[in-house]
Amino acid sequence: MKTLRSLCFLFSLLCLFTGASFSQKTKPRPTGAKPTSTPVKKAASPAEQFFNDGLKCDTKDYDCQVSNYTKAINLGLATKAVYQQRASAFTARGDFEKAVADLSKIIELDPNNVEGYKLRAAAYSSVSGVGGIDMAIRDLTSAIDLEPKDADTLQQRGALFLRKKDIDRAVADISKAISIDPNNGDAYVSRAEIFVKSKKHDKAIEDFSKALSLRPENAKALEGRGMSYLELKNFDSAIADFTKCIAVDPRREKPYGYRYSAMYQKNGKFDPQSENDLQQYYKLSIENNSRIIESDKTNSEAYMNRGAAYSATKEYDKAIEDLTKASDLDASNEMLYMYRASALNAKGNTAQYASDLARYYALVIPKTTKEIELNPQDTSAYLSRGMAYAAQNNYAAAIADYTKIITLDPENATAYAMRAGARLQLNDREGMKQDTAMYEAIKTKKATKRIESEPNNIQSYLDRASSYSSAGNYQKAVEDYSKAIGIDPNCRECYTSRARQYGWLKDYAKAEADYDKAISLEPGVAERYWDRAQHFTDISSTSSRGNFYPKAIQDMSKAIELAPKSVKYVWRRGSYYDVLDDHKNAITDYTNAIDLFSVSKSSADESWFVSSIEGLALIFYKMKDEIQAIATMSKGIELLPNSARAYWHRGQFYRIYVKDYAKAQADFVAGGQAGTDSVWQKANRDALADMNAGMAKDAADAARRAAEAKERKQKQKTETINALLGIAGAAVDAIAQSKGNSSSQTPSISTRQTSTPSTTNPSSGNASSGAKGGNQRLKKGEILIADGEAEGQKEKPSDFSSIPTDCMVQGTGEYKHPWSSWQPTPVNGLQWRLQGPIRACGNPINDEKGKVVYSWYFAYKNTTNNILLVDCQQISGDGTEVNTCGGLIAPGGVIKHTDAANHTFSDSQNVSFKLRYLETCTAVRISKETPYGTATGWGCQ
């Protein structure tokens, strides 16, 4: 899972690419806003004296200036000069509406005052958002009508059109300004920046280059051209421009961030130089914004930018303090909530983190909606809004925005990727596959085009190889990674990535050689040992390679040696010990990982922490310590009270292992509402729905089985009573006949024809006539049926591991093989049949590593007209008794295999079945004591 801190880091880089910065974005000031250098003359009146006093005020004491100019105006000195001075003071202290009012007075006094229109336009542009921009454009248009050849005014109006995202008019105005003054380097820079925003980087480079031809040390042009080179993946040219820009203006922070990104993308790895650039970027951002704050304590953006830099440098307390101050000054800036959420999450304040993140998305949606209204072609606005909708689980709205992007820009790979994710959330798997394929195809196409123009560009080969790999074309990916290695034999990322491809191609020797090479290039980096350890665990799953877990443990131990506080590495080694049933070492590592997280509470470690909790709990469960297992799962929620994933894990534990469905339900409900992680929230909701559906089905099945059992018992009871009544009636008739009485004189109590019940003699296999002594018994322990593998076993799989779906899911009663036919037993009239072995799935017994458990069904059927009482036993291949059965079998009835619960488990493919007791009933009663205990149901009288 990507952490929010990582997301914010990406946002920081995104800010670089979009022209944003941690440095202050100063509010626009009207041209000529500084007080004029009007000479102070000897005052001829009190009004003039106040005007002079205003001019004498400190240049930053705006209240002094406003007070004196206001007194002068009130005393009748309402001239253009006084209004202009007061408007300048109002503007300087941020009272733009009052500045507009004064400038309007100037225009009223002099309708042809070009400077007045320009000043009021600048004030309007700061006073009321989009409406203010429209008023500003109107004033600049009036100024241009008065002075059509004023290139500066045209350039200003073009900048306002750009703020409205009216690209065509912006370009037209600045182009006209350039035609009037072709040596205006700033105009070329302004037009180039418009081309950057509209992603026309080739044209942007032309204009930046023209500006640089006029002034080679134009830092803004160097930074902008480097940015366009970076977007076009021309890393060498980008790095050259950023390096020169830094030399021209070493206090300018953005070029450090840009150069960091360019060097990383070019080399495919971090290096000391790029790391230094990144740190310098944050350092300068903090210093530059601190200077702004010193001079303006109300500048919310400076606090936000400094807070973001503090968060990036892990000074979280300072970051939270600055970002909170920024929110107090301006609660409408959505980015401050994103940055503060990152810092809060790193500090473990998950509740406030979730609140800030929700606030961020709530602000993004209306903001981007307004941007789309102004410019329906703005794909970046659709992307931002779509991501916000997705974060709020409104996937249909997100898909609509991503689709609009694709309509406007069919080659927009990001839109396909985002839409694929949203479609997956709506279970549109076919749509997800199509979008993913398009995403990879576009990436491959763009990378190929870059390779054609720059055959030695390593990053282009890496990008295309990644797309090939995602599409499952591992051989082509290997070829591209090999080409990258040919360009740079020390490209560590190239070896690691190629090793993964070799692993998927099952060329394990080459994969291991590449991992070894990566380690040799970075022997002090713990992650390299993690990579190779993962490789060893992957190949351990193949029977031909053997057990490589000891090697994986060795690598993981080296990683822990290099990074002893890593929750990830300690957990991973514990999982390896767990696989090997080394519970002692596994418990030690899992516990240490939990303790490490308890101290750091880093969001980056949440996944490994929860995995440690789950692993430790399962070990306790295997050790029959259910109380400790539950306490361990609860520890996860104690440390992550707002983690949907932690609730899901404990809920599943209650559901699967403890069978406490009420507590499982409570956890799933809490998890569905916890935090902001939509994936795990959905997992909780799905688990709850699945469990409820399963419980409803189980209840319905149980009710059905109970009704069927009741019906069978009633039928057996009726048949038994009728049989007994028939015997009694025959006896009465026989007595009557022996006394010479006619049947007509003494009516029979039998109402139907019955046959005399026979008694089964198990030793002879022949039926008797029901004579005296008809209750026949077997000797204790006598084995009548001892097969388990021959007769009755029709479809035994030969290779269980090769057919993983060929198993029975516990609780469903679903078998993949049909019943075998009924087979005779040595007891005349008693038959049996068997199904199995079927590998058991989803059963706790089956969780022991390296042990396969089999499920069996068996049954006995009574084909006689008598009631039989049986006591039976099943014995596994190792001689352990695993199941027993017993009870009455009515004529034509069956005992065992009546429902899904009547199966048994064995760790052997062979079992024996023993019939330990058999009795033919001539009378029945509720219970019956046998040598092996009380037989349930009806017993023999």
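The model is predicted, so local features are reported only at pLDDT of at least 70 and side-chain atom pairs count only at pLDDT 80 or more, while totals for chains, interfaces and linings use all residues. Residues are numbered from 1 along each chain as its sequence is written, and side-chain values use heavy atoms, with hydrogens and water left out.

Confidence comes first. The chain has a mean pLDDT (the predictor's confidence in each residue, from 0 to 100) of 76, and 73% of its residues reach 70 or more. Along residues 738–819 the pLDDT falls below 50, and this stretch has 160 contacts (heavy atoms within 4.5 Å) in the model beyond near neighbours in sequence. Residues 842–850 also have a pLDDT below 50, with 18 contacts beyond near neighbours in sequence.

Turning to the cysteines, the structure contains two disulfides, a disulfide being a pair of cysteine sulfur atoms within 2.5 Å. Such a link is a covalent bond between the sulfur atoms of two cysteines. One of them connects C57 and C64, with an S to S distance of 1.9 Å. The link of C57 and C64 is left-handed, with -60° about the S-S bond. Accessibility is described here as buried (under 20% relative accessible area), exposed (over 50%) or partly exposed (in between), using a 1.4 Å probe and protein chains only. On that scale C57 is buried at 10%, whereas C64 is partly exposed at 25%. Another disulfide connects C491 and C494, with an S to S distance of 2.2 Å. The torsion about the S-S bond of C491 and C494 is about 75°, so this disulfide is right-handed. C491 is buried, at 0% relative accessibility, and C494 is buried with a relative accessible area of 0%. C245 is a further buried residue, with a relative accessible area of 0%.

Most residues other than glycine have a negative phi. K314, however, has a positive phi near 70°, and K659 has a positive phi of about 65°. K314 sits in the loop between α16 (300–312) and α17 (316–329); helices here are DSSP runs (H or I, at least four residues; strands are E, at least two), numbered from the N terminus. K314 is exposed, at 52% relative accessibility. K659 belongs to the loop between α34 (644–658) and α35 (661–673) and is partly exposed, at 43%.

Two helix pairs complete the picture. Packed helices are described by the angle and the distance between their axes. Axes are lines fitted to C-alpha atoms, for helices over the stretch in contact, with angles from 0 to 180 degrees between N-to-C directions. The axes of α9 (residues 167–180) and α10 (residues 185–197) come within 9 Å and cross at roughly 160°. These two helices are therefore roughly antiparallel, given that angles under 35 degrees count as roughly parallel, over 145 as roughly antiparallel, 65 to 115 as roughly perpendicular and the rest as oblique. The crossing of α9 and α10 is left-handed, that is, the near helix is turned anticlockwise from the far one by less than a right angle (right-handed if clockwise). Among the residues that meet are I167, A170 and V171 in α9 and A187, Y188 and S190 in α10.

For α20 (residues 379–391) and α21 (residues 395–408), the axes come within 8 Å and cross at roughly 160°. α20 and α21 are therefore roughly antiparallel to each other, and their crossing is left-handed. Residues that meet include T379, Y382 and L383 in α20 and Y395, A397 and A398 in α21.
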